[in-house]
Amino acid sequence: MDQEAERDLSRLCVHTITTRPLDLETAVAEYASRGIRGITVWRDALQKTGAKRAGRIIREGGLDIVSLCRGGFFPSTDRKTRKSSIAGNLAALEEAHDAGAPLLVLVCGADPGQSPETSREQIKAGIEAILPRAAELGVRLAIEPLHPVYADTRSSINTMKQAIDMARYFDSSWLGVAVDVYHVWWDEELETAIDSCGRDGRLFAFHICDWKVPTGDILNDRGLMGEGCIDIRRIRGWMERSGFEGYNEVEIFSDIYWNLDQDRFLDMIVRAYLDHS
Ligand code: ZN
């Protein structure tokens, strides 16, 4: 790879779920060999090695561990389920700490058996329960707003405004927002929201992929950058103008790409990143 291309990859991170068929060791080796610098680890990828060993594999492979995905899923109509969710989140924080991940991403959850407002109150209670431990461990928490199409079961935080309001309620330097273009690209207030979140110092993560037109499956048909209708460069520009200096994290759930040869797919990711983000 020539020098200029290498420099352009200095803020490229890939989520392990993007290349789900690869085990962690293979993912680290394949990312590093292409000049990818960061990795965000999904909890299932830690199962085989355990968090501490996973952290070593990543560091020795020359990659930065950018975050752990994911915590959250706080709301439930059932009190016991809410309690066990908090225990699960505390365990995720320990894993993040053991792996050396500075950030845990929260997909906050929703329960269709109650109103979104009630779910948001339970999200607030869940964050309140885990935030002190996050601070003790030195692991930041990022609330990721999800597209409203997921408001039934995945998250009652569906806009940047709701995520920012939740973060401001706690006013802690350990709590911020993860901006995923797939979830927020449609929002007419996106630019202002990114700007305001940046002024708060709460832009903690930036996830990229594309919204395919048409989308075959609302969960598992996400596109490579440049394949859909999201102006990723423009949104990235707003992030950087608002002081964000972190990684651009490629997070793609796709049955199509998971079925592809992952070597070839990683080459496509690098190309798409350079051309379209
Ligand atoms: Zn994301």
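Strands β1 and β2 are joined by three bridges and run parallel. Helices (H or I, at least four residues) and strands (E, at least two) are DSSP runs numbered from the N terminus, and two strands pair if DSSP finds at least two bridges between them. The model is predicted, so local features need pLDDT of at least 70 and side-chain atom pairs count only at pLDDT 80 or more, while totals for chains, interfaces and linings use all residues. Residues are numbered from 1 along each chain as its sequence is written, and side-chain values use heavy atoms, with hydrogens and water left out.

**Barrel and strands**

- Eight strands close into a barrel with parallel pairing, in the order β1-β2-β3-β4-β5-β6-β7-β8.
- From one strand to the next, the twist averages 30°.
- β2 is largely enclosed by the rest of the structure, because five of its five residues are buried; buried means under 20% relative accessible area, exposed over 50% and partly exposed in between (1.4 Å probe, protein chains only).
- Gly 38, Thr 40 and Trp 42 lie on one side of β2, Ile 39 and Val 41 on the other, and all are buried.
- Strands β4 (residues 103-107) and β5 (residues 140-143) run parallel and are joined by four bridges.
- Val 105 has Ala 142 in β5 as its bridge partner.

**Helices**

- Helix α2 (residues 24-33) lies across β1 (12-15) and β2 (38-42), at about 160° to β2; axes are lines fitted to C-alpha atoms, for helices over the stretch in contact, and angles run from 0 to 180 degrees between N-to-C directions.
- Helix α11 lies across β1, β7 (203-208) and β8 (248-250), at about 135° to β1.
- Helix α9 (residues 232-241) packs against α11 (residues 262-276) at an angle of about 70°, with the axes 9 Å apart.
- Ile 232, Arg 233 and Arg 236 of α9 make the contact with Tyr 273, Leu 274, Asp 275 and His 276 of α11; contact means heavy atoms within 4.5 Å.

**Nonpolar cores**

- The largest nonpolar core has 79 residues, of which Ile 127, Leu 141, Met 160, Val 179 and Ile 194 touch the most other members; such a core is a set of buried Ala, Val, Leu, Ile, Met, Phe, Trp, Tyr and Cys residues joined through side-chain atoms within 4.5 Å.
- Another core, of 11 residues, lies apart from the largest one and includes Ile 17, Trp 42, Ala 142 and Ala 178.
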